Amino acid sequence: MSNTKKNDDLKSSAPEWKTFLFLTVCLFPILSVALIGVYGFSVWFLQMFLMGPPGH
């Protein structure tokens, strides 16, 4: 009885590990780079067309 429960736990935890690894290795780094890129582009766009270059 306890062996079946361990097997069920192992089977159910495998998709959780895959999801965790996908989130930490692929999705969050890609989202981080994308967000920083969007922020940099928006600052550049605002300086080019609306606010001008930074100065004193």
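Is methionine 51 buried or exposed? Methionine 51 is exposed, at a relative accessible area of 61%. Keep in mind for every view below that this is a predicted model.

View 1. Helix α1 takes in residues 2-51, and methionine 51 is found in it. Of the chain's 56 residues, 0% count as buried. The accessible surface comes to about 5400 Å², and carbon and sulfur atoms account for 74% of that.

**View 2. Trp17 and Phe20, an edge-to-face pair.** The structure holds four aromatic pairs. In the one made by tryptophan 17 and phenylalanine 20, the ring centres sit 5.8 Å from each other, with 90° between the planes. That angle is over 60 degrees, so the pair counts as edge-to-face. Along helix α1 these two are three residues apart, so about one helical turn separates them. Tryptophan 17 is exposed, with 54% relative accessible area, while phenylalanine 20 is partly exposed at 45%.

**View 3. A cluster of rings: Phe41, Trp44, Phe45 and Phe49.** Here ring pairs do the linking, joining Phe41, Trp44, Phe45 and Phe49 into a cluster.

**View 4. A nonpolar patch on the surface.** Phe41, Trp44, Phe45 and Phe49 turn up again here, this time in a patch with Leu46, Met48, Leu50 and Met51. Together the patch residues have about 920 Å² of accessible area. Met51 is back in the picture too: its relative accessible area is 61%, which clears the cut-off for patch residues because that is set at over 30%.

How values were computed. Residues numbered from 1 in each chain as written. Predicted model: local features only at pLDDT ≥ 70, side-chain atom pairs only at ≥ 80, totals over all residues. Heavy atoms only, no water. Buried < 20%, exposed > 50% of the residue type's maximum accessible area, 1.4 Å probe, protein only. Areas by Shrake-Rupley, 256 points an atom, 1.4 Å probe, with all protein chains shown as cover. Patch = residues over 30% accessible without salt bridge, like charges linked within 9 Å, V, L, I, M, F, W, Y side chains within 5 Å. Salt bridge = Lys/Arg side-chain N within 4 Å of Asp/Glu carboxyl O. Helix = DSSP H or I, 4+ residues; strand = E, 2+ residues; numbered from the N terminus. Phe/Tyr/Trp six-rings, centres within 6.5 Å; stacked < 30°, edge-to-face > 60°.
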